[in-house]
Amino acid sequence: MSPKFMDGKAFAKQLRSEIKKQVKDFSKPVGLGTILVGDDPGSIAYVEGKHRDCAEVGIKSIRINLPVTASTDEVIAAVGKLNTDPLCTGFIVQLPLPNSIDVQKVLASINPKKDADGLTPSNLGNLVLGFNTITPCTPLAIVALLEEYKVSLAGQKVLIIGRGRTVGRPLSILLSQKPYNATVILAHSATTNLAQQLQDADIVISAIGIAHFIKPEMIKKHAIVVDVGISRLNNQLVGDVDPRVIDVASLFAPMPGGIGPMTRVMLLRNLIKLAQNEK
Ligand SMILES: NC(=O)c1ccc[n+]([C@@H]2O[C@H](COP(=O)([O-])OP(=O)(O)OC[C@H]3O[C@@H](n4cnc5c(N)ncnc54)[C@H](OP(=O)(O)O)[C@@H]3O)[C@@H](O)[C@H]2O)c1
């Protein structure tokens, strides 16, 4: 990779080998549970990837698969099972859930002490208050990769595009706090001056899911760009950022190969933290 690319895949591999050693040190097994509703190929692939990572580092896998017709109560019943399963250190409900399911209710039913994704109201509330908590994996992934590449966030104008619950919104809270101290702009579909915001930003992080939405001419010269979004273009998975951005940016975390593998490794880190809290 060119030195201008942030190589999340390689860094995640290194972190997994560190986690493998940590897992060996626990007196009891560490287990990750997943609840998958429906048969969306993307969601199946993400869940399988998480279990592959677990197998690599010695974490046990517990899988609950429900049909697309499952009701909110049935998903909450599955959450209840994992909440009380002594072999499950922590678990995730794979998002997005089918539209018929009340995602707020499902997330609120997760025991915060087993919330490996950091998406319960209690853990997100702790994040807002700046307390030590389980933080959502993708924001953690972005921070870890930027730190690995010695990017200083303090005082920098960081433009986050997308205010979704798993990426943009928690990331905006995290980066605006100490010790990161970034000046954060959180843009969304009702933002009217995005072109100007893009020209002003020192760091651009895009999490919207629109193929190649950001073009090289839209960003400031030498800006740092992190591509989080995933969408399909001509039957291929692509990011929000046109890869030609590398010609203008000083550093670029591409999709694929940037934040995706880092997000998966942050899930393992969250699980280690939950296991440590159990002691
Ligand atoms: N690489 C990874 O590991 C990873 C992890 C998680 C998610 N993702 C990807 O990241 C993307 C975002 O995920 P999410 O869960 O946060 O999605 P989400 O909840 O659907 O949020 C998408 C956000 O994009 C905003 N948006 C849509 N069109 C826009 C536009 N034209 N200009 C500005 N903002 C616009 C939406 O604004 P409104 O709020 O106004 O509707 C919304 O805030 C998805 O593509 C997802 O697949 C990747």
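This is a predicted model: local features need pLDDT of at least 70, side-chain atom pairs count only at pLDDT 80 or more; totals for chains, interfaces and linings use all residues.

User: OK. What's the volume of the second largest pocket?
Analyst: About 480 Å³ for the second largest pocket.

User: And how many residues line the second largest pocket, and which lie nearest its centre?
Analyst: The lining has 26 residues, and T133, T135, L140, Y180 and K273 are the ones nearest the centre.

User: Which helices supply at least two residues of that lining?
Analyst: That would be helix 1 (8-25), helix 6 (137-148) and helix 9 (259-278). Helix 9 gives the most, with six residues.

User: How does the lining of that pocket split by class?
Analyst: You get 13 nonpolar residues, eight polar and five charged in the second largest pocket.

User: Switching to cavities. How many of 30 Å³ or more are there?
Analyst: The count is one cavity of 30 Å³ or more. The largest cavity has a volume of about 30 Å³.

User: Which residues line the largest cavity?
Analyst: F91, I92, V93, L107, I110, D115, D117 and L119. Strand 3 (residues 90-93) gives the most to that lining, with three residues. By class, the largest cavity is lined by six nonpolar and two charged residues, with no polar ones.

User: New topic: how many aromatic pairs does the structure hold?
Analyst: One aromatic pair. The partners are F5 and F252, with ring centres 6.0 Å apart and planes at 40°, so the pair counts as tilted.

User: Where do F5 and F252 lie?
Analyst: F5 is in the segment before helix 1 and F252 is in strand 10 (residues 251-253), so the pair ties together parts 247 residues apart in sequence.

User: On to strands. Which residues of strand 6 are on each side, and are they buried or exposed?
Analyst: Strand 6 (residues 203-206) is covered on both faces. I203 and I205 point to one side, V204 and S206 to the other, and all of them are buried.

User: What does strand 6 pair with, on the strand 4 side and the strand 7 side?
Analyst: Strand 4 (residues 157-161) pairs with strand 6 in the parallel sense over four bridges, and I160 has I205 as its bridge partner in strand 6. Strand 7 (residues 224-227) also runs parallel to strand 6, joined by four bridges. There, S206 stands opposite D227 of strand 7.

User: Last one, then. Where is S172, and what does its side chain reach?
Analyst: S172 is in helix 7 (residues 168-176). Its side chain reaches the backbone oxygen of R169 at 2.6 Å.

User: And S172, buried or exposed?
Analyst: Buried, since the relative accessible area of S172 is 11%.

Notes:
Residues are numbered from 1 along each chain as its sequence is written. Side-chain values use heavy atoms; hydrogens and water are left out. On a 1 Å grid over the protein atoms alone, a cavity is a set of points where a 1.4 Å probe fits but cannot get out, and a pocket is an open set with protein on both sides within 12 Å along at least five of seven lines; lining residues have an atom within 4 Å of a point. Grid points are joined across faces, edges and corners, and a volume is the space filled by probe spheres set on the points. Ala, Val, Leu, Ile, Met, Phe, Trp, Tyr, Cys and Pro count as nonpolar, Asp, Glu, Lys and Arg as charged, and the others, Gly among them, as polar. Rings of Phe, Tyr and Trp (its six-membered ring) pair if their centres lie within 6.5 Å; planes under 30 degrees apart count as stacked, over 60 as edge-to-face and the rest as tilted. Buried means under 20% relative accessible area, exposed over 50%, partly exposed in between (1.4 Å probe, protein chains only). Two strands pair if DSSP finds at least two bridges between them. A polar contact is a pair of N or O atoms within 3.5 Å; within protein, one must be able to donate a hydrogen and the other to accept it, and residues adjacent in sequence count only if both atoms are side-chain atoms.
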